[in-house]
Amino acid sequence: MELIIVAAISENNVIGNNGKLPWNIPEELAFFKELTSDNPIIMGKNTFLSIGKPLSNRINYVLSRNKEPFVAYNGYCLVNSFTYACQLINKDKFEQVFIIGGSEVFKEAILIADKLIISRINGNYKGDKYFPVIDENIWVEESVEKREKFNIEIYERK
């Protein structure tokens, strides 16, 4: 199973502000939807609350500090650890799982992820949530695809 972080990040490393994306780029959201559809996704509780609902055509795992290790709801599963979510996904034999945020989940996942797919948003934005530093000693940039308002950067673990 390949663990892939997918994130939209401004040039100054912002990923969010007051529980929302600080930009509105429909093309980037369409790229995210196409990339993650029909796959499991893992997100933190605050990211889930900011989205406001389970994302369709994906198996939604939401990390929470609940005492119960796993609780299934309509459209998503609440799990109490990143490791347990990965164990559940691995049992279902998925080839890829996408980690979609937020900042605390990214900090944990970047230590074990296999790949980063970053939508680098053109410009600097005000924010209160940031993506961790992409360490060039650990990650190598494999490709960059330029779009009008963002670039898609793909990194592989060395």
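Select Gly102 in this predicted model, and you will be in the loop between β7 and α4.

Select Ile5, Ile42, Tyr61, Ile99, Leu116, Ile118 and Phe131, which are the residues with the most contacts inside the largest nonpolar core, a set of 28 residues. To see where this core draws its members from, colour β1 (2–10), β4 (59–63), β6 (76–79), α3 (82–91), β7 (96–101), α4 (103–109) and β8 (115–121), each of which supplies at least two of its residues. Among the contributors, α3 gives the most to this core, with 5 residues. As a general background to this view, nonpolar side chains in soluble globular proteins tend to be buried together.

Next, centre on Ile5 and display its surroundings. Which residues is Ile5 in contact with, once its neighbours within four places in sequence are left aside? The list comprises Ile99, Phe106, Ala109, Ile110, Ala113, Lys115, Leu116, Ile117 and Phe131.

The cysteines are the next stop, where the count of disulfides comes to 0. Select Cys77, which is in no disulfide, and draw a distance from its sulfur to the nearest cysteine sulfur, that of Cys86, which is 13 Å away. Cys77 counts as buried because its relative accessibility is 14%, a value under the 20% cut-off. Moving the selection to Cys86, you will find that this residue is likewise in no disulfide, the nearest cysteine sulfur being that of Cys77, 13 Å away. Cys86 has a relative accessibility of 11% and therefore also counts as buried.

Finish with two backbone details. Select Asn13, found in the loop between β1 and β2 (14–16), and inspect its phi, which is positive at about 75° although the residue is not a glycine. Then go to Asn57, whose place is in the loop between α2 (45–51) and β4. Here phi is near 60°, again a positive value in a residue other than glycine. Is Asn57 buried or exposed? With a relative accessibility of 51%, Asn57 counts as exposed, since the cut-off for that class is over 50%.

Note on methods:
Residues are numbered from 1 along each chain as its sequence is written. This is a predicted model: local features need pLDDT of at least 70, side-chain atom pairs count only at pLDDT 80 or more; totals for chains, interfaces and linings use all residues. Side-chain values use heavy atoms; hydrogens and water are left out. A nonpolar core is a set of buried Ala, Val, Leu, Ile, Met, Phe, Trp, Tyr and Cys residues joined through side-chain atoms within 4.5 Å. Buried means under 20% relative accessible area, exposed over 50%, partly exposed in between (1.4 Å probe, protein chains only). Helices (H or I, at least four residues) and strands (E, at least two) are DSSP runs, numbered from the N terminus. Contact means heavy atoms within 4.5 Å. A disulfide is a pair of cysteine sulfur atoms within 2.5 Å.
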